[in-house]
Amino acid sequence: MIEIRPVSGRRLLKQFVKVPWSVYRDDPAWVPPLILERLMALSPKEPIFEHLDWQGWIACRGGVPVGRISAQIDALHLKHNDPRQGFFGMIDGMDDADLFASLANTAEEWLRKRGMTSVLGPLNLNINQEPGLLYDGYESPSSFLMGHARPYYHPRLESAGYRSCRELLAYRLAPNYDEPAAIRRLRRRLGARLVLRNLNRADKAAELEVVRRIFNDGWSGNWGFVPFTEAEFAAIGNLLLFVVPKDFILIAELDGEPAGFIVVLPNINECIRDLNGRLFPIGWAKLLWRLKVRLPRTVRVPLMGVRKDLHDTVFGPGIAMTLIHGMNAPTLRHGVIAGELSWILEDNAGMRSILERLGGTVTKRYRLYEKSLGGS
């Protein structure tokens with residue numbers, strides 16, 4: 001018998017966060033997230049909850065947690081995309097068809113009661129955080145803020161009526177790639193008109209706002225787009241500036257105006273893999289040493305953008321290539337051996353072409369599902 005318990009209060013929230021420990025305890029590729037970080041991410045004080053409502057549930061059998069799921073409604077998604085589409089996310093569970101059906105039904109009913117007619121997921125918590133369900137690349141650890149999963153999750157969701165709607169890719173790229181001549185010529189064609197500079201941390205509020213505006217503008221035409229609010233991006237920026245080296249954020253200026261940016265994030269999963277989710281008593285010291293003294297050997301590009309008015313011009317791909325190329329020297333200087341660019345939509349032919357011409361290869365694939373909830 002499966003009992004579904006709604007999450008309320010600190011104790012159940014912590015239990016919700018810790019469900020994956022039961023599901024992945026014998027999976028050598030799973031990296032336990034930091035419990036404190038996950039609790040903070042779900043704190044009602046986080047700026048994302050100014051426009052997003054969520055509810056989590058824990059599934060228990062015999063009083064023992066065996067699964068979890070969440071449901072979300074994002075007001076900004078409703079405004080910019082489908083006005084009656086909710087999300088599900090943070091789904092984990094043992095290999096049991098009844099368990100997955102019960103979890104899905106619970107999330108769907110919560111969304112249906114709030115007027116939603118379709119559901120998309122998994123999204124933890126929205127498209128700007130952890131989207132998609134891993135379905136290829138189980139054998140290696142995922143990068144920081146990219147999800148892990150069990151192979152049976154997919155057939156269990158499909159048996160509950162979900163159908164694949166989007167594919168997301170993670171590309172791996174070595175920083176010492178051989179630059180193709182055609183790309184070198186394109187970068188040179190931009191010449192002195194295009195200048196790369198580091199983010200000015202002495203004026204971080206204004207600089208983060210520059211980056212936010214480029215992101216929101218550049219991504220505004222993409223599938224599933226949800227803009228970052230000022231408060232959200234300020235919170236994210238403060239975290240990034242703490243863990244990201246000074247030369248890992250570049251802003252591109254075209255004719256003196258901000259035109260694009262790239263953020264390279266040390267792969268924190270390398271630093272926390274052996275901490276079992278705990279910072280105390282000595283986990284915090286290990287984490288700081290590994291971030292500030294012995295930088296991880298791998299990195300991830302979680303944020304990158306070029307102004308929308310430049311997309312269909314020679315400047316668009318030229319700026320993107322220049323930004324990627326501009327990170328070669330800093331990453332090699334810090335001993336980085338590989339970077340992941342994720343996530344990339346499978347049908348984003350332009351970016352995929354750039355990455356593949358630079359020697360990038362797809363190492364992980366993620367899938368998004370959707371389902372009709374009925375209604376009109």
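**Entry 1: one arginine.** I started with arginine 352, which I found in helix α13, spanning residues 349-357. I kept in mind throughout that the model is predicted. Is arginine 352 buried or exposed? Its relative accessible area came out at 19%, and since buried means under 20%, arginine 352 counts as buried.

I then looked up what surrounds this side chain. Leaving out residues up to four places away in sequence, I noted that arginine 352 touches Leu169, Tyr171, Ile344, Leu345, Glu346 and Val362.

Entry 2: Next I turned to the second largest pocket, for which I wrote down a volume of about 280 Å³. I listed 18 lining residues, and those closest to the centre of this pocket are Pro141, Ser143, Arg172, Asn267 and Thr298. Two or more lining residues come from each of β9 (163-173), α9 (268-272), β13 (298-306), β14 (338-345) and β15 (361-372), and β14 gives the most, with 3 residues. Sorting the lining by class, I got 5 nonpolar, 8 polar and 5 charged residues.

**Entry 3: the largest cavity.** How many cavities of 30 Å³ or more does the structure hold? I found 2, and the largest has a volume of about 160 Å³. Of the 16 residues lining this largest cavity, Leu173, Val301, Ile324, Met327 and Gly339 are the closest to its centre. I noted that β12 (257-266), β13, α12 (328-333) and β14 each supply at least two residues to this lining. The largest share, 3 residues, comes from β14, the strand that also gives the most to the lining of the second largest pocket. By class, the lining of the largest cavity has 13 nonpolar and 3 polar residues, with no charged residues.

**Entry 4: the second largest cavity.** Last, I looked up the second largest cavity, which holds about 50 Å³ of space. Its lining is made up of Leu199, Leu208, Val211, Phe233, Gly237, Leu240, Ile249, Val263 and Leu303. The elements giving two or more residues to this lining are α7 (204-218) and α8 (230-243), and I recorded α8 as giving the most, with 3 residues.

How values were computed:
Residues are numbered from 1 along each chain as its sequence is written. This is a predicted model: local features need pLDDT of at least 70, side-chain atom pairs count only at pLDDT 80 or more; totals for chains, interfaces and linings use all residues. Side-chain values use heavy atoms; hydrogens and water are left out. On a 1 Å grid over the protein atoms alone, a cavity is a set of points where a 1.4 Å probe fits but cannot get out, and a pocket is an open set with protein on both sides within 12 Å along at least five of seven lines; lining residues have an atom within 4 Å of a point. Grid points are joined across faces, edges and corners, and a volume is the space filled by probe spheres set on the points. Helices (H or I, at least four residues) and strands (E, at least two) are DSSP runs, numbered from the N terminus. Ala, Val, Leu, Ile, Met, Phe, Trp, Tyr, Cys and Pro count as nonpolar, Asp, Glu, Lys and Arg as charged, and the others, Gly among them, as polar. Buried means under 20% relative accessible area, exposed over 50%, partly exposed in between (1.4 Å probe, protein chains only). Contact means heavy atoms within 4.5 Å.
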